[in-house]
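Have the structure open as you read along.

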Amino acid sequence: MCMSIFSSLVNADKSKKPEPPEGFSKISVSEAERSFSGNMCRCTGYRPIVDACKSFASDVDLEDLGLNVFWRKGDKHPDVSKLPSYTLGGGICTFPDFLKSEIKSEIDYLNDANVSSPREGWYCPKSIKEYYKLINSGLLSECSVKVVVGNTSTGVYKDQDLYNKYIDIAGIPELSAVVRNDEGIQIGAATSIARTIEILQQESESMSSPDGSVVFRKLAEHMSKVASPFVRNTASIGGNIILAQKYSFRSDIATILLGAAATVCIQVSTETLRVTLEQLLEQPPVDPSTLLLSIFIPHWASHGQKDSILTFETYRAAPRPLGNAVSYVNSAFLGHVSMHKSSGGHVLSNLHLAFGAYGTEHAIRARKVELHLTGKVLTASIVLEAVRLLRETIVPMEGTTHPEYRVSVAVGFLFSFLSPLCKGITKPGRTPCVSPGVLHTGDASNMPLSSRRETLSSDEYKPVGDPIKKYGVELQASGEAVYVDDIPAPKNTLYGEFVYSTQSLAYVKSINFKPSLASEKIVTFVSAKDIPTGGRNVGSTFLFGGEEALFGDPIAEFAGQALGVVIAETQRYADMAAKQAVVEYSTDDLKPPILTVEQAVQNNSYFTVPPNLYPKQVGDFSKGMAEADHKIISAKVKLASQYYFYMETQTALAIPDEDNTITVYSSSQYPELAQNVIAKCLGIPFSSVRVITRRVGGGFGGKAVRSFHIATAAALCAHKLRRPVRIYLNRNTDMIMVGGRHPMKVRYSVGFKSDGKITALHLDILINAGISTDASPVIPGTVISGLKKYNWGALSFDIKLCRTNTTSKSVMRAPGDTQGSFIADAVIEHVASVLSLDANTVREKNFHSYDSLVVFYPDSAGEPSTYTLHSIFSRLASTSSYLRRAESVRRFNSCSKWRKRGISCVPVVFKVEPRPAPGRVSVLGDGSIVVEVGGVEIGQGLWTKVQQMTAFALGQLWPDGCEGLLERVRVLQTDTLSLIQGGLTAGSTTSESSCAATLQACNMLVDRLKPVKERLQLQSCTVSWDALISQASQENVDLSASAYWVPIKDTNLYLNYGAGASEVEIDLLTGAITLLRSDLIYDCGKSLNPAVDLGQIEGSFIQGIGFFIYEEHQTNKDGLVISNSTWDYKIPSVDTIPKQFNAEVLNTGYHKNRVLSSKASGEPAVVLASSVHCALREAIRAARMEFASGGGSGSSSLQFQLDVPAPMTVVKELCGLDIVDKYLEDLASREVTTK
């Protein structure tokens, strides 16, 4: 991300834009927002990164930035001088000398015309003649060859084997040439997509003819939505077309060029041919003997007729508007429009209607539709017939996902193109009857991002409570922070990659490797047979009993289970070699696998939930139902899984040491238990295993129990080979093996009064726990805890924890609470729909009084003064202008036919349980301070808060309070042999627990040092810190203090409160979802660091949006995860977060049983993201009202099941896949009646 914004700054500053104010760049706010589209972040929610990028922009409103470190929101005159300085043009770039020399030698090599032999398998011909000389030389006849320019295709089509040779054609001048003539522009095939966009923009601006400029301008605009900036800078336009030709790649570029009637120049051996793009796409897959030379795009300026106007439009429907998201369907339409003299209607000619990505081998032209439309006056009946012809033309291939959706969207695109040309048709455009001052009425997806962040820090415990910057933030931003994979590889390090089962339940008879280049790189294969005597085949162990095997031996119990580890000299060789594995399975004498919760019920396949963990029911359900005026006897809710998607995948480095000991560097949230598992597997004492975790690149629960397999496998391999072994899972393997959030199926019955007061609720919940218990026994309790945020009157439930032959599910940010809270709001919304009441009215009707809160949360309700939900919800309604905006949404929906909006508010009540934690504080001879805690820094700011707590506690001995003490504090990595009983970093409580332990240790030091200071003060009024420590050392005072903080049992549990409101807009033609605005208010008590907590809240909320809306976790019939890459699995990106994102952290005063009155922040906000899902439900309801779309089986159009997640494909299906057809049929029938 830093490189993306830096390159954008440099490029902007090179432009001819006006000079910006001092300290700013020429880059604009909108350019800054787009500068890192395609970059993924799971932690921050993007808002702080966007703010950092926007701070460089010359047109930025500084008060719009939430940079709490530099100034606080509300300052009348934010001072730009407080920001780090920026020099126009990027300033001095300290590029490393060794990289300079490396690049120079590479350029010298490429420019050396006398080089005849390749270097490390790479050939770089300098001309087309040299290329064909190489192809025809016979040197490559026995080799696997790959022709590349940017080689970005490896991000889409993962290499299944190594290549002997690569031919880089980027250095052939003819392939980068740009030629302009009177007919159009010819662009060399090796020209990068980014450069192509520049060329098209320049050409459109230079042309005097509007007809000519429109094609180039819209091509450039569409291409800028393809891939991401760093891919567009590298990938070539010709390479994109060849991918579409060879591999049925769903290319936007091929489709829009086909729509623009582009032609291509290709060379086959000595023959040069010019063919249409359509002809090239229809040819058999090309081989290296065919070279794409150039692409010619006509500008159409001279093709028009005297009384006609050229129209050209492109469309795409993709999971994200921008960046790294392939289209479900794309299209481009070109034609000339003229006026029919007698009727005054519009007539089309020269039509090119191109469609692609819908499940076809390549983009096509809809020629039957073109023929039908050409020369006819456009009416509703004519457009309706065109739609019918299109449905016959657009037929997705068998196996295509969402086929009906893709056809429906293609119809929507054609309708969008034709509707402005047809009288009487409501166009899917702006909605003029809604005041722009009230709501944005243009294309919502193009709205700029804005935010408001409000925090209230306290001076009571300074520097605790100050929004200071994160500890080590400069190291992270510069890339200098050392994660496990950054640790320099020791001498003779080997690398490992798992071979995993693709079957859900089968005997593993044999594992072999097919002959290949990659197989030749295998050093050895490690399996269960290599576990030493005295060791066990154990990959993880659980807090509630039970274990999970490291390797499936002799039976693979689920798809994705590790069968062994391939060892090679590099990680790439290991990854590639693992793909060569051929596993022979047998299912003889085995029962069919259990893959669904329904199958688990049939087979009575459950895990037992310990009685102390199973939640308690409330009241008498039968009595509550008897009191009800209305009843919903049976309704369903379904929630899918969610993958963690931490930025750093699972990784470990194991180094064998003397005396049969081993050190393992693991990216783990639970180093203590990792140590235990490794020792059990190797059959050695715990004391012989040292696990070190400095920092973790994102965890969210996935680096807790699920990290043990990787650390244990690396340790086993290193133990066997007596060489260091590193395993760093690639994203595909990580997604397949690691698991994720618990999927659930819920059936509920609810009784309620006519005013919305609920009297009774019963739930039957089936939870898919996967193959092992993991942490699943806690999930029933957390589900019900999240659900209890409303007063249900009586609450009963039957929860079954299902054992299935799938990857074990584990804790993931707000585990159980997220699902339970959503189920609660689904029930509330269902009741509101039945009664035709506003959902917020029903919510507030069922809020707890303090008395009912105590009944539902008897162990954690706390004092009455701490129950702040009512005031929070009222404050949210006020600050978010909820009532005014709800009325605006109603007006918008009444005026807009093809776009609808929804708005919703949800509360959160989140039970928190701090755990014991160790801490050690040591003061060294020079006065510097070293702190060790059991908690792991995962990016959540734990070290920052520990640093602040240390400065606060020791500040009473510092002459000027705590000023200057912060920089003296260093927080050390977690080491299981240095500080024991470190425990699990999870549940959002580790920061406060670690701070409590640190505070205890510091107080011990203060008690020891105070007498020394008092004696020194007799000699001098002011005693410096350095003098104090020096004197204490001379007096042999113990300057290291250890503590083990244990929370008070009776007051340990507490509740967190918050509320969130979200507004969304949906496009009924594509299902596209735009998050217009989200407002959050959260009670952090007295925050230890409001800037850190606010970041946690925002990041947590955005991750929740992914779960509820975007992230589709899919498996095949054997339970193997198939959404196993960024290509298939879409977490939120900067273009899918709320356009306006406002967050407020409340300071609710003194909480006597909390650590300095603070409360947890990292997890509860996930729950608030259900407000987006609820708002989405309201928007869909408005759409169904508009088109009276029946929900099937005679049910009301206003009552429907909206599962989790609810991506655009689901939204479109619920709005209606045939709404365009029905609308046109209605208009056509009126035309007939009129005639």
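One aromatic cluster is formed by Tyr315, Phe333, Phe355, Phe413 and Phe417. Keep in mind that the model you are viewing is predicted. In total, the structure holds 35 aromatic pairs. Two of them share Tyr643, and both have ring planes over 60 degrees apart, so they count as edge-to-face.

| Pair | Distance of centres | Angle of planes |
|---|---|---|
| Tyr643 and Tyr644 | 6.5 Å | 65° |
| Tyr643 and Tyr1129 | 6.0 Å | 80° |

Tyr643 and Tyr1129 are both buried. Tyr643 has a relative accessible area of 0%, and Tyr644 is likewise buried at 0%.

Charges meet rings here too. Arg695 places its charged end over the ring of Tyr483, 5.6 Å from the ring centre.

Now to helix H26, which spans residues 869–879. Its buried residues include Leu869, Ile872, Phe873 and Leu876. These four lie on the same side of H26, because they cover an arc of only 95° around the axis. Among the elements covering them are helix H24 (839–845) and strands E31 (899–912), E37 (1054–1067), E38 (1073–1083) and E39 (1140–1146). After H26 comes Ser881, which has a positive phi near 50°.

Note on methods
Residues are numbered from 1 along each chain as its sequence is written. This is a predicted model: local features need pLDDT of at least 70, side-chain atom pairs count only at pLDDT 80 or more; totals for chains, interfaces and linings use all residues. Side-chain values use heavy atoms; hydrogens and water are left out. Buried means under 20% relative accessible area, exposed over 50%, partly exposed in between (1.4 Å probe, protein chains only). Helices (H or I, at least four residues) and strands (E, at least two) are DSSP runs, numbered from the N terminus. The arc is that of the directions from the helix axis to the C-beta atoms. Contact means heavy atoms within 4.5 Å. Rings of Phe, Tyr and Trp (its six-membered ring) pair if their centres lie within 6.5 Å; planes under 30 degrees apart count as stacked, over 60 as edge-to-face and the rest as tilted. A charge sits over a ring if NZ of Lys or CZ of Arg is within 6 Å of the ring centre and within 35 degrees of the ring normal.
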